[in-house]
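Please keep the sequence and the structure in view while reading.

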Amino acid sequence: MAETLSEIYDRMARDGALTPDAAQHAVLPELDCIRTELELREGRRRSLLGGLFGKAPEQVRGLYLWGGVGRGKSMLMDLFHAQVAVQAKRRVHFHGFMQEVQAALHAARKTGVDDAIRPVAEDIAAQLRLLCFDEMQITDIADAMIVGRLFQMLFDRGVTVVTTSNRHPDALYKDGLNRQLFLPFIQLLKSQLTVMELESETDYRRHRLQGAQVYFMPSGSAAAAAIEAIWHDLTGGGGDGPLRLSVKGREVTLPEHRSGVARASFWTLCGQPLGPADYLAIANAIRVLIVEDIPYLSAENYNEAKRFVTLIDALYEARVRLICSAVDLPERLYVEGAGSFEFERTASRLREMQAADWAQARAAE
Ligand SMILES: Nc1ncnc2c1ncn2[C@@H]1O[C@H](COP(=O)(O)OP(=O)(O)OP(=O)(O)O)[C@@H](O)[C@H]1O
Ligand SMILES: [Mg+2]
């Protein structure tokens, strides 16, 4: 008999890998139950040669786990996903999944089908029994208008969904355009998924960064190794791949992200013509940004410097934690020439953002 998730969690707590948390523990029986049912069904499917007898797929009720930032929702979902013995499973960032869906819909429409959602849903359901979504949120009207029918078809075909979110289903797509057309999706989620709040008091992400060094200099192999270790600690090492954001019809890409943490070099972030709207979108999409290799700035690379100022302002406003490596101290990054005066505020913010309680202090304002 395989270890239950509760047992694995307890073992990790004993080993010091996790701080025992009663609120997290309270979610585990539900996940264990889903795991057991999925594995039972998997066993039956195999013994029936993959359902050759044409029976309708049995439905296994999923979970919608919501709550505040850093409470451990993604960590619990990842634990579940890693352990569940189901072959046709996938863990994906919700936003990335919807982008794939939109691309598939686009391709299906080109073939002239009447209802593009159907073949796309059928294709997904043919490949997957379990979909684990990290960070379900809907901000895009194009997504809002299709999720109802898409997910109805997935559920009808026996796909189980486990998802994390910062909002209760009732608050999804809040104040969105044509929200009344979106309401059936909320009803669907509530009927197909058990809705649970992760009521933990602790923001473990903040906890993990508390007292940790977050500004590394000079950049180089030692700084890179330290940053790699932090990335590993916050994300478990693996990445979800690039995070693609659409801003005013353009695409802005962060090369690597997972569990609210994104990572990019200074040149990726500031070496291309991005503006305030792009940096705001980035800041609003993540909780921690790792920026590597900030160079000396001057009139020579004025555009990059200006973008860096805009980036830091956006991160500051959105209270995103910043972890970075730089060639020198904040005050020495931009010492002379046009723009150096404006940079003083940025240097000061870089200092302030290093404080252990910075994000929290700002949140309380
Ligand atoms: N009980 C715990 N003990 C120690 N570390 C934990 C615990 N729970 C979570 N963590 C760590 O805290 C960090 C934040 O957790 P996680 O990403 O799962 O939060 P979340 O609820 O998904 O947050 P968000 O809403 O921002 O996505 C991760 O690095 C995770 O491994
Ligand atoms: Mg998360």
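## The open sheet

In this predicted model, strand β12, which spans residues 321-326, runs parallel to β6 and is joined to β6 by two bridges. Within this pairing, Y215 has C324 of β12 as its bridge partner.

Both strands belong to an open sheet of five strands, whose order is β6-β12-β11-β10-β9 and whose pairing is mixed.

## Nonpolar cores

The largest nonpolar core holds 40 residues, and those that touch the most other members are L269, L289, F308 and L315. Helix α14, covering residues 302-317, gives the most to this core, contributing eight residues.

When neighbours within four places in sequence are set aside, L289 is in contact with A262, L269, L311, L315, V320, R321, L322 and I323.

## The surroundings of ligand 1

There are 21 residues around ligand 1, and of these G70, K73, S74, N166 and R287 come nearest. An N or O atom in the side chain of N166 lies 2.8 Å from an oxygen atom of the ligand. The backbone also takes part: a backbone N or O atom of G72 is 2.9 Å from an oxygen atom of ligand 1, while for M75 a backbone N or O atom is 2.8 Å from a ligand oxygen atom. Ligand 1 taken alone exposes 640 Å², of which the protein buries 95%.

Key:
Residues numbered from 1 in each chain as written. Chains lettered and ligands numbered in written order. Predicted model: local features only at pLDDT ≥ 70, side-chain atom pairs only at ≥ 80, totals over all residues. Heavy atoms only, no water. Core = buried A, V, L, I, M, F, W, Y, C linked by side-chain atoms within 4.5 Å. Buried < 20%, exposed > 50% of the residue type's maximum accessible area, 1.4 Å probe, protein only. Helix = DSSP H or I, 4+ residues; strand = E, 2+ residues; numbered from the N terminus. Contact = heavy atoms within 4.5 Å. Near = heavy atom within 4 Å. Polar contact = N/O pair within 3.5 Å; in protein donor to acceptor, adjacent residues only side chain to side chain. Areas by Shrake-Rupley, 256 points an atom, 1.4 Å probe, with all protein chains shown as cover. Pairing = 2+ DSSP bridges.
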